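I opened this notebook to look up how two chains meet. My entries follow the order in which I checked things.

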Amino acid sequence: MSKLNIKILGLLLLVILATSCEKWVKSDPRETFQITELDYLRSESDYRTMAISVYTPIQWLNQSVPVADIASDNSVSGGENASDVIPLQQIDDFTHTANNSTLSEMWQAAYEGINRANYLHQYKVKNLAGDSVEFAGKNALYGEIYFLRAYYYFHLVRYYGDVPLFLDKRLGLAESGTLQRSSKAEVYAAIETDLNNAIAVLPAVQVQKGRVTKYAAQALLGKVYLYQDKFTEAASVLEEVVNGPFSLVSDFGSIFLQAGENGPESVFEIQYSNTSPYYNWGGVNRGQGNHSVQQCGIRGLNGSADMPYAAGWSTNLPSQNLAAAYEAGDTRKAATTLDIEAYKNANPSYNITYQVAPYKNTGLYNQKYLPRKNQTSGQVELNYLNNFRTIRYAEVLLMAAEAYNRTSNDVKARDYLNRVRQRAFGDNLHNINSSGDALKLAIWDERRLELAMEGDRFFDLVRTGQAAAKITGFVPGKHEVFPIPQHEIDVSGLSQNPGY
Amino acid sequence: MKLKLAFLSAVFLLCSILNHSYAQNLQVTGTVKNKTTNENLIGATVAVKGGAAAVSTDAKGSFSISVPSTGSVLIISYSGMKTLEYAVGNTTTGIVILLEESASTTLTDVVVIGYGTQKITKVSGAISTVKSADLEKLKPVRAEEALQGRASGVTVIQGGTPGSAPTITIRGLPSYSGNEPLVIVDGIQQSITDLNSISAADIESINVLKDASATAIFGIKGGNGVIVVTTKSGRKNQKAEFTVNSNYGVQEVINTIGVLNASEYAAIINEGSLLAGGNVIFPDLSAVGVGTDWQNEVFKKASMQSHNLTARGGGERMTYFLSAGYLKQAGIVGGNDKSRFTRGNFTANLNFDLTSKLKFILNTTGVILDSKGIQENSFNSVIGSALNFDPTVSKYNTVPNTVGQYGFSNLLLSEIFNPLTKLENTYNKNVGNKLYGKFELQYDILKNLKFTTRFGYTKYDGNSKSFTPLVFYGPLNVDNSMNADGSTVSGKHNSVSHEKTSNFNYTYEAFGNYNFKLKDRHNFETVAGFSLAKVSGNAAGASRQDVPFNSWEFADLTAATGSNSPTNTNALTGYYYQYFKRNVSVFARFNYDYQDKYLASFSFRRDGSNVFGKNNKYVNLMAGSLGWVVSKENFFKSDFINFLKIRGSFGSTGNDNVTPQFVRIETGGPSYGPTANSNGYSFDGVFYPGSTVGSASNDALKWEINKQSNVGFDMTFYKNKFSLTADYFTKKTEGLLFTPSASLYLGTVPIPVANIGSTKSSGIDLTLGYNTTVAKKVKISTALTFTTSNNEVTATNTDGTARILGGYYFNGQSQSVTVFEKGFTPGYFYGYKTDGLFQTAKEVADAPTQTGAQPGDIRFVDMNGDGVISAADQTQIGDPFPDFTMGWNLNIEYKNFDFNAFTYASVGNDIYRAYERNANYSNKYRAVLARWTGPGTTNDARNPRYTFSDVNSNIRVSDRYVEDGSFIKIKNIQLGYTFPATATKKLFSKLRIYVQVKNAFVFTDYSGYDPEISGGVLDTGIDRGSYPQARTYSIGLDIKL
């Protein structure tokens, strides 16, 4: 080999090296067959599959239902003792602080939902690779996504007041600690935009029950308007739902049975199922099952095979105050509160034995979401199939009634209110005939009776200014909103709500 | 033999011709011999100082060389011997040159460093060396054993499992994961795991590079220190030298743990039951007897043997080292059938001079590994079961109409089984083939400019199989998969699992070494080059249920019959995965010395890796050192100190223990990851899988950086008989991986790890050697090493609150005892402090509130003084890492006898006793006999009252279970006898026999088997019934032909 040859070879080697080095240390997850965001959102199926998971975090907001009743005069935290379910005990006693795992779990879950929706929003026009994927029904699909984002923000604004608002993209570690809280008004404006955009594209009917429809978006928008005292707008949008394809189920109690799920009265339900068993005790609310059902159950309950109920943890016990609020003849009382001792005595053939709720016993249980036999799977405590009846037609009627009453259309208000009452009592004898403020109060009271244990009472009391009067321990100027999780104060530098 | 003679004559002839070509003025002839053994040294180099002439000694150790004149100086060198300078006087024929064997580090040695070698006197970094002589004495199963106590600055904690890798840390514990040093075998990057494949007989030397100046040339991989293994090669013009080493031994357990015998057990069980308000379990204590000692049943005497055959030699243009080795170590737990490590090695190291300037080196080693293992390290392992199983049960099953060879308990109905049943039903095998080596070309472009290019590789293919049979553990046992009549428990299946792994790692390197002198005083040794490396591997596995006849014989996927159904999706399963990592690097080093007096070294490496975040693909690491050989100064006139060098270095190295991050899309839900960031949703009661972002990337992710400074000195004194090397180092590791605290509004996608932790270590390494000859006959060489390192975690998380828990064990509750936390030693023991026992109810009432406490229960210390004993009172209760370790090696030779003793001591390491299951009916640690039985009986927190109902939780993690694990072990005693050359000359050039005892004596206060408990940082010192090291008695034979 001549020296020249060696030199040429050496030079060649150097060139090859210099060019190949960059490639050599490039990291490409495809080399280990990992699907990354670069590979995704390239087909209709990708978009549709990913949209499904925007729904997922609404399941994780599971505790918002018990919390809104426990924080109100409707129910107490219960549990085994004072140190059981501490986050709920503190909320019940109004001693809650910024260190409350239930509150911070819901905060984080709602933001995961927002990030998931934002991610799809981010790549709506073009995917990460820069291509646009168009398909029939894409806009309608985005209607679901925007509804869900609005739902998550509504959850946040109801619970925490001013919250960080971001709509353009999924945040990453680089954005940690970079945001501040936006005002409630800004958040509500974003919610209204999302819902209006959703209403414009959503279908009236979805083939798959449980998917968001135009009516669900309108009903939620009506509710959002009520929270801002925008009664005219509320009346107009709710009227459309009132005239929609819904009807009141004659047997109130049947709404909450498995057979009553996604029924004629259902405007929007958070879906749960027992067909994908979940076992992770580290995140009890993150499976496909409804964990709050287990919490409601009667401790140590035993009985014959045909006794329908399963045992639970005696949490979220309806108060005697709630039971007393029902007039005689109101079928909703028994369908909302179960007096276990009375039930036991009324059904001797069941041979019921149970443990009296060891803490904050009221003798009553949450009949709407009481665990029933054969409705769970896998880790039984985590997999109850019960949907949350999030927006029912009855509530739409009551919201519309409230909106009309506040815009001086008491005729319509009474009509809608009495439709609800007629179903509850099975007759016209209990109709309300008042007007004005008296009618307003009647509608508010009716909301309690109709919607008790469905996760609205606390926010209704705050919204209507009745909280301080009705809730023991409630401090005006502080307890209207819950505290921002301490972690967010420490790590993200957010300001805390007053009083916490 | 004839062939050999012919070969030798040819070599001889060649030598003569060569000699003639250099014919000059004065011909000098002589013989080179080993001063100690009087052996002729074949292939020793004899060179004329300052000239070009050099010859090698022939088969008789003879040489003939021309020198310019009387007074010329000959330099005689031989590997492993001290180089000698001989001034030619009036005698020019028949000169006898006696070379002394060099001790572990002597001044004339060269050490192998990264991409080159360096004369040890010129080294200004910190390096420890272990020579082949030590390895030959120790006969280790794994090469790292030889580092224990012999290389200062290196902490080796050995395990007892045959063939298992010890825990090795060089200068401290920078991280909670990945403290493994880099291993370089003949210049090629390997891993600690690969050291199981190298026969000790093949190793020439092991150098441990400790400080940044020595390791920086390895850049991002050098942060935890570097172990440089150099294997043997042949020598030019050397006649074939054959060695045979054979060793056979028997191993036994050193001691057993004191547990209760059957009647003691029965009495304690009765007491525990009665105190808890239960019944008497054993009404008739007299009928119980001593029962079965399960430890005696599981520990076996086990054989161990190793045999090596090597041949080395070479001609003018080619040298070779050939080796074949076989090693078999049976385990003392269960014996050869269930626990063992077998290795066969075949090595060929060949060097060819293709032209006068071009050299080709081909090293190839093939290894066959074969091992079997048992369940270890838990309360329900074989040893754990032996310690915890019911001693009242008879060894063999005597109950009619029940299957199973061994007895069962009617008290222990889950988790803990008859250890013999457990052993009997342990079936597995792991075989592997490894091929590693290198191709290397060296081209001497100019006299001092050498270009080297090499390709090194390691190929491993592993194949393992295990079988889980159906087992009957006793009629009431809940873990039964077989009924008493031998039928299968409904819903249970036996199963067989296979796994095949395949790795291929390679490194391609090219570098040039240029050495030059300026004005005869300024010496430069430089190297520059680049390296490409790839680590890759994949594994596939499958398992299947329903193996025919419930038999190991038919345990194979092909014979098993399981098929999946909607109710059983585990009947036939499989998986596959792969990984890889690629690096590209350029490096350079520049060594300078002025007349061997002032030394300086600077090294640099730029590394790129595919695992680093995209903003940090590359890193530059550098280090420098300075040295001053004081003894070379003219003003230095000391009769006492013969040599003194002072050194100092500073530099940075790294650690690339990161995994690539990217934004993964999780598909196929619900897939609950670590944060239960699930996907999918149910519509109308039916689940629909979804997809979502499942991981996040941190583009700022990068390697860990170690910044290390080192000061030290090397000294020989008192007629060169003593040598002392001492180093003090401080090391700060930055960029440890931790999960940062991030805003919750980022959602639930796992937060990617970031480099936010740091640790610091400091310590002293010290080696003192002494060589002397007493009365001209007794040769003594001894060396003492001393190693300390103090480690502290200085940062974990942005808010300093992140804690990594480890050391998990189960004693009725799942417990974690070790923590990696800011402000403490990595992996320190964390739990409750005890303060004796409550003697009376009044004491309980007066003490801080301690739920459930009664007289006889442990009084825990209220560390935070809030009046309540709660989780917040947990604190540091121990440290598993020693304050210091020491090694003492002693060699004595007298006439034909040689003696070696090696002692190793570890002081200040704590052990956490975690093998006690504490179930009501599990057997108890003997200390329970000294338990509290009433006021004043004892106040020792280790011995609370015994009751089934432990409301006070006396079993919580506390210093009750912490013991001082300090120990002194006489690791090796060897006595050898070399037959006089006259007696064996006709057959052998050397014949030595020896007897050896390994782990001869252990002095410790620790109550368990073995105070050396290896594991990762967070598992070190946790004794869950770990496999003890064996005491081995062996005899052996070393033959040279």
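I count a polar contact as a pair of N or O atoms within 3.5 Å; within protein, one must be able to donate a hydrogen and the other to accept it, and residues adjacent in sequence count only if both atoms are side-chain atoms. By that rule I find 42 residue pairs in polar contact between chain B and chain A, both at pLDDT 80 or more.

I note that this is a predicted model, in which local features need pLDDT of at least 70, side-chain atom pairs count only at pLDDT 80 or more, and totals for chains, interfaces and linings use all residues. Residues are numbered from 1 along each chain as its sequence is written.

I checked confidence next; pLDDT is the predictor's confidence in each residue, from 0 to 100. Chain B has a mean of 89, with 96% of its residues at 70 or more. Over residues 1-24 of chain B, pLDDT stays under 50. Where pLDDT is low, the predicted coordinates should not be read in detail. The model scores ipTM 0.93 and pTM 0.82.

I then looked at who takes part in the contact (heavy atoms within 4.5 Å). Chain B gives 57 residues and chain A gives 71.

Last, I looked for salt bridges (a side-chain nitrogen of Lys or Arg within 4 Å of a carboxyl oxygen of Asp or Glu). The interface has 1. E31(A) and R582(B) form a salt bridge through their side chains, at 2.8 Å from N to O.

Note on methods:
Chains are lettered from A and ligands numbered from 1 in the order in which they are written. Side-chain values use heavy atoms; hydrogens and water are left out.
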